[in-house]
Amino acid sequence: TTASDAAVHLNKEVRNITQGGTFGTTNQAKNGDVLEYRITYTNNTTGAVTNFQVDDATPPYTTFQSAAAPTTPAALGTCTKVTPANAPPAAAAACAATQTAGGVGPVSWRFSGTLAAGATGTVSFQVKVD
């Protein structure tokens, strides 16, 4: 999935970790396989973006396993995440925090700083196929 507007370009890819796959736009999976989704974001404007947040959700027939922000530009500041492991009204968790697997629903990463012009980074999450 690719989404783009005047400010930020998003590119979502998936890989099957269980089968040793590489990231791509499609993938095959069977019950019990673990998939990893990676969303790459890029600020294509000439100015900084503030209040930056990436939102997604666990796909149908999968269960949440983990979420991370493996590549984060320093200027984006503190990263917090909301996942099925800490769904509202629970507080957001630090992006580096290990969470309990299980559940379905929204996955969100929020950043306290700014995404500079031309800056890029990634967020990711893993699910297990039911």
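This is a predicted model: local features need pLDDT of at least 70, side-chain atom pairs count only at pLDDT 80 or more; totals for chains, interfaces and linings use all residues.
I started with S6 and S11, which run antiparallel and are joined by seven bridges. Two strands pair if DSSP finds at least two bridges between them.

Residues are numbered from 1 along each chain as its sequence is written, and side-chain values use heavy atoms, with hydrogens and water left out.

Next I checked S3 against S11: nine bridges join them, and they run antiparallel. Tyr-37 has Phe-125 as its bridge partner in S11.

How much of S11 is buried? I found seven of its ten residues buried, so S11 is largely enclosed by the rest of the structure. Buried here means under 20% relative accessible area, exposed means over 50%, and partly exposed is in between (1.4 Å probe, protein chains only).

**The core**

I then looked for the largest nonpolar core and got 24 residues. The term covers buried Ala, Val, Leu, Ile, Met, Phe, Trp, Tyr and Cys residues joined through side-chain atoms within 4.5 Å. Tyr-41, Phe-52, Trp-109, Phe-111, Leu-115 and Val-123 have the most contacts inside this core. Strands S2 (8–16), S3 (34–43), S6 (62–71), S9 (106–111) and S11 (120–129) each supply at least two of the core residues. As background, nonpolar side chains tend to be buried together in soluble globular proteins.

What is Phe-52 in contact with, leaving aside its neighbours within four places in sequence? My list for Phe-52 reads Val-8, Tyr-41, Leu-76, Trp-109, Arg-110, Phe-111 and Leu-115. Contact means heavy atoms within 4.5 Å.

**Rings**

I searched the whole structure for aromatic pairs and came away with five. Rings of Phe, Tyr and Trp (its six-membered ring) pair if their centres lie within 6.5 Å; planes under 30 degrees apart count as stacked, over 60 as edge-to-face and the rest as tilted.

One of the pairs is Tyr-41 with Phe-111, tilted, at 6.1 Å centre to centre and 50° between the planes. This pair links distant parts of the chain, with Tyr-41 in strand S3 and Phe-111 in strand S9, 70 residues apart. Tyr-41 is buried at a relative accessible area of 0%, and Phe-111 is buried at 6%.

Trp-109 and Phe-125 make another tilted pair, 6.2 Å centre to centre with 45° between the planes. Here Trp-109 sits in strand S9 and Phe-125 in strand S11, 16 residues apart. I noted Trp-109 as buried at 0% relative accessibility and Phe-125 as buried at 1%. Ring pairs also link Tyr-37, Trp-109 and Phe-125 into a cluster.

For charges over rings, the test is NZ of Lys or CZ of Arg within 6 Å of the ring centre and within 35 degrees of the ring normal. Lys-12 lies over the face of Tyr-37, 4.9 Å from the ring centre. Arg-38 lies over the face of Phe-23, 3.8 Å from the ring centre.

**Asn-11**

Is Asn-11 buried or partly exposed? Asn-11, in strand S2, counts as partly exposed at 23% relative accessibility. I also looked up Asn-11 and Thr-122: 111 residues apart in sequence, 9.4 Å apart in space, C-alpha to C-alpha.

**The disulfide**

I found one disulfide (cysteine sulfur atoms within 2.5 Å) in the structure. It joins Cys-79 to Cys-95, S to S 1.9 Å. Why do I call this disulfide left-handed? The torsion about the S-S bond of Cys-79 and Cys-95 is about -55°, so left-handed it is. Cys-79 lies in strand S7 (residues 79–82) and Cys-95 in the loop between strand S8 (93–94) and S9, so the pair ties together parts 16 residues apart in sequence. Both Cys-79 and Cys-95 are buried.

**The open sheet**

Last, I traced an open sheet of four strands, ordered S5-S9-S7-S8 with antiparallel pairing. Strand S5 (53–57) and S8 stand at the edges with a single partner strand each, so one side of each has no neighbour in the sheet. S7 and S8 pair in the antiparallel sense over two bridges, and Lys-81 stands opposite Ala-93 in S8.
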